[in-house]
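Reader: I would like to learn how to read salt bridges and sheet packing in a model. Please take me through one case.

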Amino acid sequence: ARALGGAGLVFAEMSCVSPDARITPGCPGMYAPEHVAAWRRVTDFVHAHSRAKFCLQLGHSGAKGSTRLGWEGMDQPLEDGNWPIMAASALPWSDGNAVPQEMTRADMDATIADYVQAVKRAERARFDMVELHAAHGYLIASFISPLTNKRTDEYGGSLANRLRFPLEVFRAMRKAWPDEK
């Protein structure tokens, strides 16, 4: 509707880069072949019926993951069927949320790979842009903020250190995305 209404740029809000990156069971994703096909129906429609450019925002829930759909209890943990969550540090999003695992280097490498695969899928789905979601307390934001990043390794402390993992993700995403885009 926004593209048909004349918007020049339309964003699809956060699509998760892996099943464990979801906020809720109802979150959209870009981690499986069927996601490419489903998004491609939307991007093809937008491109066929408007001049709008279409951006896919990619993200990871971090400590805010494995929660109920918003209308069933915003930011409330699932009653069952929870999946593991991780963040910069082992700090829960709120008093009622699960404590995430502090990410290891192996977790970081796997997460970067998830972002890269999601970027490649977004290209196959014919998005014009991708955006790295780095706000709202989700995974990338948990590294940037000194309130949620209590690490004592090279990924904590100074702002330069706290930005290290987010920049690793960004650089890997940019490398995977076509230069002309």
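Reader: Which side chains meet in a salt bridge at 3.5 Å, N to O?

Author: A salt bridge is a side-chain nitrogen of Lys or Arg within 4 Å of a carboxyl oxygen of Asp or Glu. Here the side chains of Arg40 and Asp44 meet in one, at 3.5 Å from N to O. The model is predicted, so local features need pLDDT of at least 70 and side-chain atom pairs count only at pLDDT 80 or more, while totals for chains, interfaces and linings use all residues. Residues are numbered from 1 along each chain as its sequence is written, and side-chain values use heavy atoms, with hydrogens and water left out.

Reader: Why are Arg40 and Asp44 separated by about one helical turn?

Author: Helices (H or I, at least four residues) and strands (E, at least two) are DSSP runs, numbered from the N terminus. Arg40 and Asp44 are separated by about one turn because they stand four residues apart in helix 1, residues 33–49.

Reader: Which other residue meets Asp44 in a salt bridge?

Author: Arg126 does, at 3.2 Å from N to O. This pair links distant parts of the chain: Asp44 is in helix 1, and Arg126, 82 residues apart from it, is in the loop between helix 3 (105–124) and strand 5 (129–132). Arg126 is partly exposed at 39%.

Reader: How many salt bridges does the structure hold?

Author: Eight. Among them is the one between Arg105 and Glu168, at 3.0 Å from N to O. Arg105 lies in helix 3 and Glu168 in helix 6 (residues 164–176), so the pair ties together parts 63 residues apart in sequence.

Reader: In what order do the strands form the open sheet?

Author: Two strands pair if DSSP finds at least two bridges between them. Three strands form the open sheet in the order 1-2-5, with parallel pairing. Strand 1 (9–16) and strand 5 stand at the edges with a single partner strand each, so one side of each has no neighbour in the sheet. Four bridges join strand 2 (residues 53–59) to strand 5, and Leu56 stands opposite Val130 in strand 5.

Notes
Buried < 20%, exposed > 50% of the residue type's maximum accessible area, 1.4 Å probe, protein only.
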